[in-house]
Amino acid sequence: MNSRYSYDENNETWPVFILAILSVAVIPLTLQSIYEILFIKSKNSTTTIGSIDESNQISSNIKKFRSKNKKSKIFNKKNFILLIGWLFITSLIFKISTTEISSIPNPNNFDPYELLEIEYGTNEKDIKSHYKKLTIKYHPDKIRNKSDEEKKELEERFVLITKAYKALTDEITRENYEKYGHPDGPQQTLHGIALPKFLIEGKSSPFLLAIYIILIGLILPYFVNNWWKRTKSFTKKGIHNDSANLFVENLLNYKPSEIVKIETILKWLSQSKELKELLPSSKFTEENESNDEILEIFNKFFQKLELKHYELQIISKIPILIYGLIDISSSFRNTEITNVAIETLKHFIQRLTPSIKNELLQLPNVDVDVVDKTNIIRLSKLLKLSNDEIKSTLGIKSDDELIQTLSIAKKIPILKLIKAEFKVPGEKIVTPNSNAHISIKVLVKSPLHKGSNFVKKIPEIFLKEDESFEYLKDPFKIVNEQPILPKTYAPYFPVEKISNYIAYIIVQKDGKIADNPIFVQNLDLSNLELSQNQFENLENFKIGTFKIPFNQPTPNELGKYQFRVIIKSLDYFVPDLDFPVIMNVENPAKLEEIEYDIPDPDEDSIAGALAQLRGDKVNRIDDDYESDNDDDDESDLEDDEDFSDINTDTEDESEE
Amino acid sequence: MALPITYDSARKLISVDSEVSYPELQDEVTQLNKLAKDLISIQGEIPESAEPSNKITPLLKNLITSGIDALRKKQFKDAIQKLTVAIEMQQKRANWESFGVQLTELNGILQARCDAYIMNKQFIEAYNDADILLSTQVNTPDNFLRKAIASLNLGRLEDAKVNLERGLCFHENDKRLIDHLNVVNRAIDLENGDA
């Protein structure tokens, strides 16, 4: 078959082609970034309940680092590229709308119905009559008083009409038309390329070739390779595989007799690959096994010295590494290391070294030496003192500073346990082999509030959960409906962090972690704003809810199973929640068996046949001809004994 | 590939090359050497069963009873000393002797020593002993109480609370545990300024 390529000589098609490709890429990306700007921003906004303003405390060094790291939501690289994309699209649309589309009829377009000016599906008789009318109109012999050109056109038309007529009536022509779309048989096929000719056959064809080669041979492999390397060398939790291996190795070699300290965790962290990679090249060598450089940076950080940019970058990676470590250590079910890893993270976030006074030391304007002398260790104890006493306890110099310190201190949330229990959605008790979770009701309070006995006074009604179908479908909805926690007050940590809590279950029997911990970011902190009076009168009062999924089904055997739950803040030094929960697996209350008076199906019905297959009772049809004599006798006997019971059922029973 | 292990046939000891550092391997080799040495040092037949040795058992028993006697007479230092010697002697038992028997024996001594430490107000030592007891899965209410009292006196209120609560999980109605838990809870409230 003949074929040739036709190029887009008139620049009609290629703009449309490129417009299509561009819009496939640009439109979804634009929608995505609009969504990000509109919705994600509002989530992280600083105006969430209970947030603490830290702007006065941040050193210029940290400020610079944060602003460098922070990507603007609107003015970033991605949006710039999108803008260019849209400029292209508008110019293309402009070009398309101004180009006139030349209307050269395509000789290959052959539609016999259109030519004969009839509707599709007209019967042969009508076609014939219509054709006759047209031949009269267009017959070359009938044309007079026309110019040569017009004559020629009309003649061509006449030929086409004849062809069309034949295509619909003549056997062979019709076959040609049906097979090839044209009464004369196969036609030339035309392939169009939506590129202007000069690009392909002109001088610039090597240029196009080069673009192809670069695109397919270099850029594509480059991106695929990069992507693959990233996915290959990082674990799901976002830590480098080498670091993960290192943590696993350390955990495997960990001896229970060794005491894990924060220094131990610091040592492990300092060996991790991603931190080493952040060292300037002069200090980093691949074989360099020693991690003193990084430990030195940790030291500088905790000694509150000014850090360089790369050093701050190293510190900013710590949370991800510790999350990774927690994930691994909890898979090893190691409670001790998990606990210490969480503590280490807190120490980093608040830039404090281990001390029992850290609850006080995390506040601003505090004099370390003065705090050392006090015997108060809890924030809530401190805030119950008078302002002057607080001032002298913390060694605060001016009243302005005291006001600032207090405004921060009273917004550090403290949790008190109200109630914790295992729950199986839709059940009042914990049934065997079911999906349970631990539902924990907590009281969020400011250190200012008095409230240890208050917890017992909270009426049951506050703790009730919605038992609707929605709740049964997703018991965790109630947790996720709580507002997102605000940013952590952490003026010395190089990056901003949204507050969160970690919750995990420990098996009391062996003291090991039962499951991977969960991280919680939703909790209503609005109680922090309440005055003591409002707080005690339960005005605008909110109860916080945590839910920890219990990933295995509840045990098959009935009995009591003992667990311990720990909920820790990952941001502040506050007393953790740590309490026992007992899972009491019981059998569900049995439904009273109701005897439905459904008659047994007849023997000759389908239901009867099925019942017989199952071995159930059926109603025997008393067919006089087929019934045995024995049967008759028996029934006679029974009938004699008890006339009221002439039910055929009894007869069957006696038979069986 | 040569293993980083060499055997000294004269001293009948295995040693790990000093260049490579495998702490776990070193541990195992030390254990193996001890076992071999123990077996070589018996002059007679190789013992057929893991029966504890007849020589050490009566000596140990004497030491333990005199330790507990001292404890009763409130001579705590004396008791601690005797019980510590008992633990050291217990450690000298040959490696093939039944581990189960050795462990119960050790637990008995540790419990007595832990009490002595508590009464002598050496709470860190008492805490360590109680910790060992609990980590060997001897989940008796006494051991939880021992650890809780030690941590309470060390000022680790949260730790004391956790241990008492854990003990109560297994022994729901133990009066001593409940009483101590109340004391600890009150102390925590006091510390928080909530009382």
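Let me begin with a definition: two strands are said to pair if DSSP finds at least two bridges between them. What I am showing is a predicted model, so please keep that in mind throughout.

With that definition in hand, consider the open sheet in chain A, in which three strands run in the order 3-4-8 with antiparallel pairing. Its edges are formed by strand 3, residues 414-423, and strand 8, residues 543-549, each of which pairs on one side only. On average, and ignoring direction, neighbouring strands of this sheet are turned by 25 degrees against each other. If we look at one pairing in detail, strand 3 and strand 4 of chain A, the latter covering residues 437-445, are joined in the antiparallel sense over nine bridges, and Lys419(A) stands opposite Lys441(A) of strand 4.

Let me turn to the helical parts of chain A. The unreviewed UniProt entry annotates residues 14-35, 80-98 and 207-228 of chain A as "transmembrane region". In the model, residues 14-35 of chain A are 100% helix and 0% strand, with the end C-alpha atoms 32 Å apart. Residues 207-228 of chain A are likewise 100% helix and 0% strand, and there the end C-alpha atoms lie 30 Å apart.

Two backbone details deserve a moment. Most residues other than glycine have a negative phi. Arg333(A), however, has a positive phi, near 60 degrees, and its place is in the loop between helix 15 (318-331) and helix 16 (335-350) of chain A. Arg351(A), which is not a glycine either, has a positive phi of about 50 degrees, and it sits in the loop between helix 16 and helix 17 (358-361) of chain A.

Leaving aside residues up to four places away in sequence, Ile322(A) touches Ala341(A), Thr344(A) and Leu345(A).

Why does Leu157(B) count as buried? The reason is that it has 23 C-beta neighbours inside 10 Å, where 20 or more are required. Not counting residues up to four places away in sequence, Leu157(B) touches Leu152(B), Val184(B), Ala187(B), Ile188(B) and Glu191(B). By contrast, its C-alpha atom is separated by 48 Å from that of Leu39(B), 118 residues apart along the chain.

Finally, how do the two chains meet? The contact takes 18 residues from chain A and 13 residues from chain B. On the side of chain A that touches chain B, the elements giving two or more residues are helix 19 (379-382), strand 9 (559-569) and strand 10 (577-585) of chain A. Strand 10 of chain A gives the most to that side, with four residues.

Key:
Residues numbered from 1 in each chain as written. Chains lettered and ligands numbered in written order. Predicted model: local features only at pLDDT ≥ 70, side-chain atom pairs only at ≥ 80, totals over all residues. Contact = placed C-beta atoms within 7 Å. UniProt positions renumbered as here; feature names shortened; annotations may be inferred. Axes fitted to C-alpha atoms, helices over the stretch in contact; angles between N-to-C directions. Buried ≥ 20, exposed ≤ 12 C-beta atoms within 10 Å, placed from the backbone.
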